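Colleague: I would like to learn how to read a model such as this one, feature by feature. Could you take me through it slowly?

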Amino acid sequence: MEVFGDGHRLFIQSMMSRGMMNISEVKEVISECGLDVETEFKDKVVKFVRLINQHIGPINLEIRKGLEEENGQPYYILANTAETSISRLSSTYSPNELELFKKLIESIVENEDGKIGSLAAMNLTDKLEKKIGKEEAENFFNRLEDDRWIRKNTNGKISLSVRSIVELDQYIKDVYPDYVKFCSLCTKLCLQGRGCENCGAKFHIRCSNVFFNKQGSNKTCPEPNCRAPWGQVVIH
Ligand SMILES: [Zn+2]
Ligand SMILES: [Zn+2]
């Protein structure tokens, strides 16, 4: 029986300072705790995180696993379970910055492909009641990227990172019920993915890849009520 100890505390501290960790970062921290990560890592990390969650649950924190929509990479994220609204970020960002972040989220969620161009993002500043300069806005977007709330791809397009998807999932569902789509395979929020031409269902890239790999050469839509020959609209 695993006992809560210094290793788990170290893991929580690392999580708090970074906000999220990828698998190799998790491996690194766990091995620093003296745990052998070479064998049965998956099983060990599940038990390790479960024990931590039992301890931090009463203070409304939870470590959750999420996948980056663009590349399917798994991450562990420290989420606040009590305060789902974006206003809980008010100790990190100014009210005006949070307004801009909200507008950014809105425009990403409303876009079918789940991302917006950097110019469009910059133009969101015009919609703010209290104006902020372009340079200030650019610095703020860089901070959001550094804090791993957003990602910029090689074309400069901005999307929400797995941290936002996991931590702001409830906020996004509550505020944009008419726009959000869910992956038909994993039922989770899906901003960037593939859509079916026939039924309009949307799927994460990774979820649909797993599905199609099992299917072989005659690919059909993963949606059980559709199953039309797969001629997907690629919208990522
Ligand atoms: Zn999915
Ligand atoms: Zn379909």
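**Metal sites and a sheet**

Modeller: Let us begin with the zinc ion (ligand 1), which is coordinated by Cys-183 (SG), Cys-186 (SG), His-204 (ND1) and Cys-207 (SG) at 2.1 to 2.4 Å; donors are N, O and S atoms within 2.8 Å of the metal (3.2 Å for Na, K and Ca), and since water is not among the atoms, sites may look incomplete. This is a predicted model, in which local features need pLDDT of at least 70 and side-chain atom pairs count only at pLDDT 80 or more, while totals for chains, interfaces and linings use all residues. Residues are numbered from 1 along each chain as its sequence is written, chains are lettered from A and ligands numbered from 1 in the order in which they are written, and side-chain values use heavy atoms, with hydrogens and water left out.

Colleague: What arrangement do the four donor atoms around the zinc ion (ligand 1) make?

Modeller: Ideal angles for four tetrahedral donors are 109.5 degrees. Here the angles are 96 to 118°, which makes the arrangement tetrahedral (four donors count as such if all angles lie between 85 and 135 degrees). Along the chain the donors follow the spacing C-x2-C-x17-H-x2-C, and both His-204 and Cys-207 are buried (under 20% relative accessible area; exposed means over 50% and partly exposed in between, with a 1.4 Å probe and protein chains only).

Colleague: Which residues coordinate the zinc ion (ligand 2)?

Modeller: Cys-196, Cys-199, Cys-221 and Cys-226 do, each through SG, at 2.3 to 2.4 Å, and this site is tetrahedral, with angles of 104 to 114°. Cys-199 lies in the loop between β7 and β8 and Cys-226 in the loop between α9 and β9, so the pair ties together parts that are 27 residues apart in sequence. Cys-199 is partly exposed at 37%, whereas Cys-226 is buried at 17%.

Colleague: In what order do the three strands of the open sheet lie?

Modeller: Strands of a sheet pair through backbone hydrogen bonds, either parallel or antiparallel. In this sheet the order is β1-β3-β2 and the pairing is antiparallel (two strands pair if DSSP finds at least two bridges between them; strands are DSSP runs of E, at least two residues, and helices runs of H or I, at least four, numbered from the N terminus). β1 (20-22) and β2 (61-67) stand at the edges with a single partner strand each, so one side of each is left without a neighbour in the sheet. Three bridges join β1 to β3 (residues 74-80), and Met-20 has Ile-77 of β3 as its bridge partner.

Conventions:
Four donors count as tetrahedral if all angles lie between 85 and 135 degrees; four count as square planar and six as octahedral if opposite donors are over 155 degrees apart and all others between 65 and 115; anything else is irregular.
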